[in-house]
Amino acid sequence: MSQLQSIIHPAGIQASRISDLWWLMFWICAVVWVVVAGTALVAIRRGRRGDATGGDAGVARWVATGGGISLVVLVALLFQSVATGRALDGLRTGDALRIQVTGNQWWWDVQYVTDVPSLRVTTANEIYIPVGRAVRFDLLSTDVIHSLWIPNLQGKIDLVPGRLNQLWLRADVAGVYRGQCAEFCGLQHAKMALVVVALPPDDFERWLTANRAPAAAPVTPEQQRGRAIVERGPCGMCHTVTGTQAGGRTAPDLTHVGSRSTLAAGTLPNTRGHLAGWIADPQGIKPGSRMPPSGLASDELQAVVAYLESLK
Ligand code: CUA
């Protein structure tokens, strides 16, 4: 499915309100621009011909009228933006799906919060949500200020270290929506994207159930070797693969990495070649990223790639 990233194609109730406000502002400003430009043209023509303006009193009347109209328009737009803000704030419900999103330089940690710890799902850079149900994002940051923005679904909100922010949204149309970090957060800010996949509720429940399972067991000898390297080599120091000895918590969870559509927070499509290239040379692809070169021999690299690809 193609990815959408556009504020003028809202796919949810919050984005619709924001889009309505944007179009109202657009049309009012368009009319104001036409009136101002037209008036300026008339004034230039009259000035060239040397027509009388009606004297100082005439000018003062024009300025007062223009100022009055501007004031009314600005106050009206202000009221409409406040009304939109209040509407967004009012779109909260009790049975929302809770997802904790933590910003990191430069990736998104995603956890599906439940009261039962064993039912928690952890993933990264890809957020699945059900269509038609409210979702509450609990937003945190481990390092600097980031900002979550999924234009088709909601406005943006900052992720601030030491502070819990919340964002509510509801997708009303199934689809794949691209999001982006919208606050400059360092060298790879531009490569801190995410994908939100809105699925019909049944499909979403299937996804959630599948992702509660621990990592798939390796099948081929190459995959088995790959798992051993992930567990005992450098990967497991930072990454978790549930059900294995790899339990690092400072980098994206890899338990189901083979089912994701992108790598390195939306930087690369998740294909075998890109995966190998990313593991071999992360600093060439995303300079400054926290992922060091793995230093694996090429046969080890192939084994690790075969294993990670199998983690659907
Ligand atoms: Cu994170 Cu910009």
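In this predicted model, Thr-102 sits across from Asp-109 of strand 3. Those residues belong to a pairing of strand 2 (97–104) with strand 3 (107–112), which is antiparallel and has 6 bridges. Strands here are DSSP runs of E with at least two residues, helices are runs of H or I with at least four, and both are numbered from the N terminus; two strands count as paired if DSSP finds at least two bridges between them.

- Five strands make up an open, mixed sheet, ordered 4-3-2-6-9.
- Strand 4 (121–124) and strand 9 (165–169) are at the edges with a single partner strand each, so one side of each has no neighbour in the sheet.
- From one strand to the next, the twist averages 25°.
- Helix 3 (201–212) packs on this sheet and touches strand 2, strand 3 and strand 4, where contact means heavy atoms within 4.5 Å.
- The direction of helix 3 makes about 95° with that of strand 4; axes are lines fitted to C-alpha atoms, for helices over the stretch in contact, and angles run from 0 to 180 degrees between N-to-C directions.

**Strand 11 and its partners**
- Strand 5 (126–130) runs parallel to strand 11, joined by 5 bridges, and Ile-129 has Ala-198 as its bridge partner.
- Strand 10 (175–181) pairs with strand 11 in the antiparallel sense over 6 bridges, with Gln-180 opposite Ala-193.

**Ground rules**
- Residues are numbered from 1 along each chain as its sequence is written, and side-chain values use heavy atoms, leaving out hydrogens and water.
- Local features need pLDDT of at least 70 and side-chain atom pairs count only at pLDDT 80 or more, while totals for chains, interfaces and linings use all residues.
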